[in-house]
Amino acid sequence: MNLNHLAIFQAVALRGSISAGAAQLHISQSAVSKQLAEFERALKVNLFDRLPRGVRLTEAGKLLLGYANRLFALEAEAEQALGDLRQLTRGRIAIGASRTIGAYLLPPLLAEFRRRHPAVELSLQVENTRAIETKLLAGEIDIGFAEGVEGSELLEYRVFAQDELVLIAAPKHPACRRAPLPLSALSEFPLFMHEVGSGTRAITEKALAGKRLAIRPAMTLASSEAIKQTVATGLGLAFLSAVAVQTELRAHTLTVVPVKNLKIERPLYRVSLRNSSPSASLKAFLGLLGGA
């Protein structure tokens, strides 16, 4: 069905005459008459009875007008919905973030975005780097933030911030008395880590391997909070993001133990599907990070 013909049919049907329909559409009466005739031939049915003054819908015309009204109402609704997305009066952003970023860096940004654009729905899934990349490739999230890079060729990685991993301990832990701690002494104390697949663990292991240290974790824990609570008991040490321990450092429940000749810095990445086009909502959110 030719939608241009359908629009002409609707205009004539609603206005009651070919001349009035032509005036509404800003085309000539002869063009309207010609296209209506083509439309009726294509449908193999008469849509109008031609009267001395104007036109009258046939039974088939009345039936088609109902469909035409619904179709063009749906078209207008679609245009309105797209306009709402552009104006950020609706929309949804599904975000995936690794633990440190999701727990400590993104919440203030999410709160600020919510304040500016309350009609846009936000969801945050906190996963390890590997899971974030998997969900991006599956289309389950719109953007990812990760501390490490698994390296899929289908994904694009952009640095949005820098982070440092520090060695933490309970304030009365024996390692504190030896600060700055010699590298060789790290193997003397239990070391707690995230599970395999965590960006923090991968960066820590790479940095230690670069110093020819291969340390087997004494305990694997599922979250930074669990690691901090365990370290605070004095049972062992852990490398965590400096931003993840600020509250505990101020409360003096944890302390940073400097390590000789070891500084672990890492970029933090935002990850997206390569060559994808972000929505207006996502562009606005990325603007809070300093780039789209």
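V243 is in contact (heavy atoms within 4.5 Å) with T100, Y104, L105 and D163, leaving aside its neighbours within four places in sequence. V243 lies in the loop between β9 (237-241) and α9 (246-251). Helices (H or I, at least four residues) and strands (E, at least two) are DSSP runs, numbered from the N terminus. V243 and A103 are 140 residues apart in sequence, yet their C-alpha atoms are 9.8 Å apart in space.

The model is predicted: local features need pLDDT of at least 70, side-chain atom pairs count only at pLDDT 80 or more, and totals for chains, interfaces and linings use all residues. Residues are numbered from 1 along each chain as its sequence is written, and side-chain values use heavy atoms, with hydrogens and water left out.

Another loop residue is T58, placed between β2 (55-57) and α4 (59-86). Not counting residues up to four places away in sequence, T58 touches N46, L47, F48 and D49. Buried means under 20% relative accessible area, exposed over 50%, and partly exposed in between (1.4 Å probe, protein chains only). The table gives the class of each loop residue.

| Residue | Relative accessibility | Class |
|---|---|---|
| T58 | 12% | buried |
| V243 | 33% | partly exposed |

Two helices can be checked for length. The expected span of a helix is 1.5 Å times one less than its number of residues. Helix α5 (residues 99-116) has 18 residues and reaches 25 Å from its first C-alpha to its last, close to the expected 26 Å. Helix α7 (residues 199-210) has 12 residues, and its end C-alpha atoms are 17 Å apart, which agrees with the 16 Å it should span.

In α7 the buried residues are G199, T200, R201, T204, A207 and L208. R212, with a positive phi near 60 degrees, follows α7.

In α5 the buried residues are T100, I101, G102, L106, L109, L110 and F113. An α-helix has 3.6 residues a turn, so residues three or four places apart point the same way. α5 bends by about 55 degrees at L106, and the proline P107 follows within four residues. The bend is the angle between axes fitted to the seven residues ending at a residue and the seven starting there.

The axes of α5 and helix α10 (residues 280-288) come within 10 Å and cross at roughly 130 degrees. This makes α5 oblique to α10; angles under 35 degrees count as roughly parallel, over 145 as roughly antiparallel, 65 to 115 as roughly perpendicular and the rest as oblique. Here axes are lines fitted to C-alpha atoms, for helices over the stretch in contact, and angles run from 0 to 180 degrees between N-to-C directions. L106, L109, L110, E112, F113 and R116 in α5 meet S281, A284, F285 and L288 in α10.
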